[in-house]
Amino acid sequence: MSLLVVGTVAFDAIETPFGKTDKIVGGAASYITLAASYFYNKINLVSVIGDDFPEEFLNTLKKQGANLDGLQIKKGQKSFFWAGKYHNDLNSRDTLDTQLNVLADFDPIVPENAKSPEFLMLGNLVPAVQQKVISQLTKRPKLIVLDTMNFWMDIAMDDLKKTLTMVDVLTINDSEARQLSGEYSLVKAAQKILQMGPKVLVIKKGEHGALLFNNEEVFFAPALPLEEVFDPTGAGDSFAGGFIGYLAKTQDISFENMKRAIIFGSAMASFTVERFGTERLIGLTQEKIDDRVQEFVELVQFQLD
Ligand code: AMP
């Protein structure tokens, strides 16, 4: 029984209306692992970094219960670097720079003891690398969740479409759903995407919450109206981490349980955006998470008459 997480472990430089950071620790797999670790701690991480990455952050991941045997450290090379700038509404951003560095020729190797995970979270990464991970598994996981972004749709759409045929759940944001399907209506987009492979689709809409679709039903989870959103980077990954962490903890992959899982995912994302980078995801407590989830429950509860 385990959760295998694949994705970038990276440096980010972020600009929001509230400030600017130099290189700080980020990467899809960093956020996913931290968020998932509050629900489930048999996590194996597969990723790659250069020898420029801070040991301290790796120790934090280990302390949260992650096994880093599948994290390759490339001597004399640089870690993946991404720079982004948010617009005033914080709901949209421009990528200023993407330096693949170690990711350019990353050949993932899944350690022997991680080859039969029950849950696989394919975080944002080169689609061909995501496929290579699936092909090394000795048993089909109970659930495969895929996250991706516009960058890979722009440069590797065919590979991405192939990866889509191999997964159960896809999480993307609204503009990516439109790009992938060629449909503006999110309902039509969902119908098209659900024919590409995944049985379940999550469309993230930033401060406007998230939609969960299968072929018969739609469910909506709001985002918490926060007084201050400081830095949205990693919100999507924290969402994915909370989502799969909760499913792994409860061992229930029904659509009904996925409704609960997207609330837990949204709760983890709401923490992440309160500070720059991964800072807010370190040192959370179960009590804080439960209180936050309760706020979501209260936000949407109402009685008829
Ligand atoms: P999110 O805000 O949840 O979409 O994710 C932000 C994280 O994704 C940042 O920490 C980046 O390091 C990482 N990231 C940005 N671009 C890419 C990319 N093309 N592939 C993989 N990860 C990326």
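Predicted model: local features only at pLDDT ≥ 70, side-chain atom pairs only at ≥ 80, totals over all residues.
The axis of a helix is a line fitted to its C-alpha atoms, for helices over the stretch in contact, and the angle between two axes runs from 0 to 180 degrees between N-to-C directions.

**First stop: H6 and H7**

Select helix H6, residues 174-181, together with helix H7, residues 186-193. Their axes come within 9 Å and cross at roughly 60°. To view the contact, display Asp174, Ala177, Arg178, Leu180 and Ser181 on H6, and Leu186, Ala189, Lys192 and Ile193 on H7. By class, these residues divide into 5 nonpolar, 1 polar and 3 charged.

**Second stop: H8 and H9**

Next, select helix H8 (residues 235-250) and helix H9 (residues 255-272), whose axes lie 7 Å apart at an angle of about 140°. This pair is therefore oblique as well. Here H8 passes H9 in a right-handed crossing. Residues in the contact include Phe239, Phe243 and Tyr246 of H8, and Met258, Ile262 and Phe264 of H9. The contact of H8 with H9 has 11 nonpolar, 7 polar and 1 charged residues.

Move to helix H2, residues 55-63, and colour Phe57, Leu58, Thr60 and Leu61, its buried residues. What do the buried residues of H2 pack against? Select strand S4 (24-26), helix H1 (28-37), strand S5 (43-50) and strand S6 (66-74) to see these partners. After H2 comes glycine 65, with a positive phi near 105°.

Helix H3 covers residues 127-136, and its buried residues are Pro127, Val129, Gln130, Gln131, Val133 and Ile134. Among the elements that cover them are strand S1 (3-6), strand S9 (119-122) and strand S10 (143-147). Helix H4 (150-155) and helix H5 (157-164) also belong to this cover.

**Last stop: arginine 292**

Finally, select arginine 292 in helix H10, residues 286-300. Is arginine 292 buried or exposed? Its relative accessible area is 10%, and a residue under 20% counts as buried, so arginine 292 is buried. Leaving aside neighbours within four places in sequence, arginine 292 is in contact with Leu224, Leu226, Ala267, Ser270, Phe271, Glu274 and Arg280.

Terms used: Residues numbered from 1 in each chain as written. Heavy atoms only, no water. Buried < 20%, exposed > 50% of the residue type's maximum accessible area, 1.4 Å probe, protein only. Helix = DSSP H or I, 4+ residues; strand = E, 2+ residues; numbered from the N terminus. Contact = heavy atoms within 4.5 Å. Nonpolar A, V, L, I, M, F, W, Y, C, P; charged D, E, K, R; others polar. Parallel < 35°, antiparallel > 145°, perpendicular 65-115°, else oblique. Left-handed = near helix turned anticlockwise from the far one by under 90°.
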